[in-house]
Amino acid sequence: MIVKHANPCGVAVADDLTTAYKRAFACDTESAFGGIIAFNQRLDGTTAKEIAELFAEVIIAPEISDEAKAVFAAKKNLRVLETGALPNPNATGMTVRSLAGGYLLQTRDAALTADELKVVTKRAPTDAEMNDLLFAFTVCKHVKSNAIIYVKDSATVGVGAGQMSRVYSAKIAGIKAADENLEVAGSVMALSLIHI
(Lines give C-alpha, C1' and ligand atoms only; values in the text may rest on other atoms or scores of the structure.)
Protein backbone atom coordinates (compact mmCIF):
# COMPACT_ATOMS: atom_id res chain seq x y z
CA MET A 1 0.00 0.00 0.00
CA ILE A 2 1.21 3.49 -0.86
CA VAL A 3 -0.24 6.28 1.29
CA LYS A 4 -0.19 10.02 0.72
CA HIS A 5 -1.84 12.55 3.05
CA ALA A 6 -3.47 9.74 5.06
CA ASN A 7 -5.17 8.22 1.96
CA PRO A 8 -4.16 5.12 0.01
CA CYS A 9 -3.12 6.16 -3.50
CA GLY A 10 -2.21 2.65 -4.65
CA VAL A 11 -2.85 -0.81 -3.22
CA ALA A 12 -2.26 -4.25 -4.70
CA VAL A 13 -1.98 -7.91 -3.88
CA ALA A 14 0.22 -10.26 -5.92
CA ASP A 15 2.08 -13.55 -5.70
CA ASP A 16 5.33 -11.71 -4.92
CA LEU A 17 6.12 -8.45 -3.14
CA THR A 18 7.85 -6.73 -6.06
CA THR A 19 4.87 -7.27 -8.35
CA ALA A 20 2.46 -6.06 -5.64
CA TYR A 21 4.55 -2.90 -5.16
CA LYS A 22 4.76 -2.19 -8.91
CA ARG A 23 1.02 -2.64 -9.34
CA ALA A 24 0.26 -0.38 -6.36
CA PHE A 25 2.69 2.24 -7.67
CA ALA A 26 1.10 2.09 -11.16
CA CYS A 27 -2.23 3.34 -9.76
CA ASP A 28 -0.87 6.84 -9.07
CA THR A 29 2.81 7.39 -9.81
CA GLU A 30 2.56 11.13 -9.13
CA SER A 31 0.99 10.94 -5.66
CA ALA A 32 3.34 8.12 -4.63
CA PHE A 33 6.26 10.58 -4.72
CA GLY A 34 7.16 11.40 -1.12
CA GLY A 35 4.60 8.96 0.25
CA ILE A 36 4.52 6.18 2.79
CA ILE A 37 4.96 2.64 1.47
CA ALA A 38 3.62 -0.11 3.72
CA PHE A 39 3.90 -3.88 3.41
CA ASN A 40 2.24 -6.69 5.34
CA GLN A 41 5.12 -9.17 4.95
CA ARG A 42 8.92 -9.35 4.99
CA LEU A 43 10.47 -6.72 2.71
CA ASP A 44 13.16 -8.24 0.47
CA GLY A 45 16.13 -6.67 -1.30
CA THR A 46 14.63 -6.96 -4.79
CA THR A 47 11.58 -4.93 -3.79
CA ALA A 48 13.77 -2.46 -1.87
CA LYS A 49 15.74 -1.77 -5.07
CA GLU A 50 12.47 -0.98 -6.88
CA ILE A 51 11.41 1.36 -4.09
CA ALA A 52 14.81 3.09 -4.10
CA GLU A 53 14.00 4.43 -7.59
CA LEU A 54 11.30 6.61 -5.98
CA PHE A 55 11.57 9.31 -3.35
CA ALA A 56 9.65 7.95 -0.37
CA GLU A 57 9.37 9.45 3.10
CA VAL A 58 8.64 6.26 5.07
CA ILE A 59 8.86 2.50 4.50
CA ILE A 60 6.97 0.23 6.91
CA ALA A 61 7.10 -3.57 7.06
CA PRO A 62 6.79 -6.24 9.74
CA GLU A 63 10.32 -7.42 8.88
CA ILE A 64 13.04 -6.00 6.63
CA SER A 65 15.82 -8.15 5.19
CA ASP A 66 19.46 -7.18 5.65
CA GLU A 67 19.76 -6.67 1.87
CA ALA A 68 16.79 -4.25 1.92
CA LYS A 69 18.28 -2.38 4.89
CA ALA A 70 21.53 -1.97 2.96
CA VAL A 71 19.63 -0.54 -0.03
CA PHE A 72 17.78 1.93 2.17
CA ALA A 73 20.91 2.94 4.09
CA ALA A 74 22.10 4.75 0.95
CA LYS A 75 18.93 6.89 0.82
CA LYS A 76 18.82 10.26 2.58
CA ASN A 77 15.76 11.43 4.52
CA LEU A 78 14.10 8.01 4.48
CA ARG A 79 12.56 6.59 7.62
CA VAL A 80 12.43 2.79 7.72
CA LEU A 81 10.15 1.22 10.33
CA GLU A 82 10.17 -2.48 11.19
CA THR A 83 6.94 -3.20 13.07
CA GLY A 84 7.18 -6.85 13.98
CA ALA A 85 4.08 -9.02 13.69
CA LEU A 86 0.97 -7.18 12.54
CA PRO A 87 -2.29 -7.38 14.49
CA ASN A 88 -5.10 -9.51 13.10
CA PRO A 89 -7.27 -7.13 11.04
CA ASN A 90 -10.36 -9.21 11.84
CA ALA A 91 -9.84 -9.23 15.60
CA THR A 92 -12.81 -7.96 17.55
CA GLY A 93 -12.46 -4.92 19.72
CA MET A 94 -13.32 -1.27 19.99
CA THR A 95 -11.94 1.85 18.34
CA VAL A 96 -11.96 5.28 19.94
CA ARG A 97 -12.09 8.64 18.17
CA SER A 98 -11.97 11.95 19.98
CA LEU A 99 -14.64 14.52 19.27
CA ALA A 100 -15.20 17.99 20.61
CA GLY A 101 -16.37 17.42 24.15
CA GLY A 102 -16.16 13.63 24.09
CA TYR A 103 -15.31 10.40 22.37
CA LEU A 104 -16.88 8.09 19.83
CA LEU A 105 -16.52 4.43 20.77
CA GLN A 106 -17.44 1.83 18.16
CA THR A 107 -16.75 -1.79 17.30
CA ARG A 108 -13.88 -2.38 14.87
CA ASP A 109 -14.71 -2.41 11.18
CA ALA A 110 -13.81 -6.00 10.28
CA ALA A 111 -13.32 -7.09 6.68
CA LEU A 112 -16.40 -8.18 4.77
CA THR A 113 -16.86 -11.71 3.51
CA ALA A 114 -18.72 -12.81 0.38
CA ASP A 115 -21.32 -14.52 2.58
CA GLU A 116 -22.28 -11.16 4.10
CA LEU A 117 -23.04 -9.58 0.73
CA LYS A 118 -26.38 -9.70 -1.05
CA VAL A 119 -26.27 -9.54 -4.85
CA VAL A 120 -29.11 -7.36 -6.13
CA THR A 121 -28.09 -7.12 -9.80
CA LYS A 122 -29.39 -9.29 -12.64
CA ARG A 123 -25.89 -10.69 -13.21
CA ALA A 124 -24.03 -11.99 -10.19
CA PRO A 125 -20.34 -11.12 -10.00
CA THR A 126 -17.85 -13.78 -11.04
CA ASP A 127 -15.54 -15.20 -8.37
CA ALA A 128 -12.76 -12.89 -9.61
CA GLU A 129 -15.08 -9.87 -9.49
CA MET A 130 -16.23 -10.81 -5.98
CA ASN A 131 -12.60 -11.06 -4.83
CA ASP A 132 -11.94 -7.64 -6.36
CA LEU A 133 -15.05 -6.24 -4.65
CA LEU A 134 -13.94 -7.49 -1.25
CA PHE A 135 -10.49 -6.02 -1.87
CA ALA A 136 -12.05 -2.71 -3.00
CA PHE A 137 -14.22 -2.53 0.14
CA THR A 138 -11.13 -3.09 2.30
CA VAL A 139 -9.26 -0.25 0.57
CA CYS A 140 -12.34 1.98 0.59
CA LYS A 141 -12.69 1.95 4.35
CA HIS A 142 -9.25 3.59 4.62
CA VAL A 143 -9.93 6.42 2.16
CA LYS A 144 -11.25 9.67 3.58
CA SER A 145 -14.49 11.40 2.61
CA ASN A 146 -16.65 10.20 -0.26
CA ALA A 147 -14.25 7.49 -1.35
CA ILE A 148 -14.52 5.89 -4.77
CA ILE A 149 -12.24 2.93 -5.49
CA TYR A 150 -11.85 1.14 -8.83
CA VAL A 151 -10.17 -2.29 -8.61
CA LYS A 152 -9.20 -4.79 -11.27
CA ASP A 153 -7.24 -8.01 -10.75
CA SER A 154 -6.49 -7.29 -7.07
CA ALA A 155 -5.03 -3.83 -7.67
CA THR A 156 -6.45 -0.34 -7.44
CA VAL A 157 -6.71 1.33 -10.84
CA GLY A 158 -8.31 4.54 -9.57
CA VAL A 159 -8.81 6.23 -6.21
CA GLY A 160 -11.01 9.27 -5.65
CA ALA A 161 -11.16 10.93 -2.23
CA GLY A 162 -11.83 14.08 -0.30
CA GLN A 163 -14.59 15.58 -2.41
CA MET A 164 -17.92 16.92 -1.23
CA SER A 165 -19.54 14.94 -4.07
CA ARG A 166 -19.06 11.23 -4.78
CA VAL A 167 -19.66 12.07 -8.45
CA TYR A 168 -16.49 14.19 -8.45
CA SER A 169 -14.60 11.53 -6.50
CA ALA A 170 -15.59 9.04 -9.23
CA LYS A 171 -14.48 11.48 -11.93
CA ILE A 172 -11.14 12.03 -10.20
CA ALA A 173 -10.58 8.27 -9.84
CA GLY A 174 -11.31 7.87 -13.55
CA ILE A 175 -9.02 10.75 -14.52
CA LYS A 176 -6.19 9.32 -12.38
CA ALA A 177 -6.65 5.92 -14.04
CA ALA A 178 -6.55 7.49 -17.51
CA ASP A 179 -3.45 9.51 -16.57
CA GLU A 180 -1.70 6.25 -15.65
CA ASN A 181 -2.98 4.42 -18.77
CA LEU A 182 -5.04 2.10 -16.58
CA GLU A 183 -8.42 0.81 -17.69
CA VAL A 184 -11.47 1.45 -15.50
CA ALA A 185 -13.75 -0.52 -17.84
CA GLY A 186 -14.17 -4.03 -16.47
CA SER A 187 -13.14 -3.01 -12.97
CA VAL A 188 -15.30 -3.14 -9.86
CA MET A 189 -16.14 -0.07 -7.78
CA ALA A 190 -16.55 0.46 -4.06
CA LEU A 191 -17.78 3.65 -2.48
CA SER A 192 -18.09 4.87 1.08
CA LEU A 193 -21.61 5.34 2.36
CA ILE A 194 -20.74 7.07 5.61
CA HIS A 195 -17.69 8.87 6.89
CA ILE A 196 -16.46 10.70 9.94
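Tutor: This is a predicted model. Asparagine 181 sits in the loop between α6 (166-179) and β10 (188-191).

Student: Is asparagine 181 buried or exposed?

Tutor: Asparagine 181 is exposed, because its relative accessibility is 73% and the cut-off for exposed is over 50%.

Student: And asparagine 77, where does that one lie?

Tutor: Asparagine 77 belongs to the loop between α4 (66-73) and β5. Its phi is positive as well, about 55 degrees, although asparagine 77 is not a glycine. With a relative accessible area of 62%, asparagine 77 is exposed.

Student: Let us turn to the sheet. In what order do the five strands of the open sheet come?

Tutor: The order is β2-β1-β3-β4-β5, and the pairing is mixed. At the edges are β2 (7-10) and β5 (79-82), each of which pairs on one side only. On average, neighbouring strands of this sheet are turned by 25 degrees against each other, with direction ignored.

Student: How do β1 and β3 run, parallel or antiparallel?

Tutor: Strands β1 (residues 2-4) and β3 (residues 36-38) run antiparallel and are joined by two bridges. Within β3, isoleucine 37 stands opposite isoleucine 2.

Student: What holds paired strands together in general?

Tutor: Strands of a sheet pair through backbone hydrogen bonds.

Student: How many bridges join β6 to β7?

Tutor: Six bridges join β6 (residues 94-99) to β7 (residues 102-107), and these two strands run antiparallel. Arginine 97 has leucine 104 in β7 as its bridge partner.

Student: What about the turn of that hairpin: how many residues lie between the strands?

Tutor: There are two residues between β6 and β7 in the hairpin, and glycine 101 takes a positive phi near 80 degrees there.

Student: Now a helix. Which residue caps the N-terminal end of α1?

Tutor: Aspartate 16 is the cap: one of its side-chain oxygens lies 3.3 Å from the backbone nitrogen of threonine 18.

Student: Which residues of α1 are buried?

Tutor: In α1 (residues 17-27), the buried residues are Leu17, Thr18, Ala20, Tyr21, Ala24 and Cys27.

Student: Why do residues three or four places apart in an α-helix point the same way?

Tutor: They do so because an α-helix has 3.6 residues a turn.

Technical notes: Residues numbered from 1 in each chain as written. Predicted model: local features only at pLDDT ≥ 70, side-chain atom pairs only at ≥ 80, totals over all residues. Heavy atoms only, no water. Pairing = 2+ DSSP bridges. Helix = DSSP H or I, 4+ residues; strand = E, 2+ residues; numbered from the N terminus. Axes fitted to C-alpha atoms, helices over the stretch in contact; angles between N-to-C directions. Buried < 20%, exposed > 50% of the residue type's maximum accessible area, 1.4 Å probe, protein only. Polar contact = N/O pair within 3.5 Å; in protein donor to acceptor, adjacent residues only side chain to side chain.
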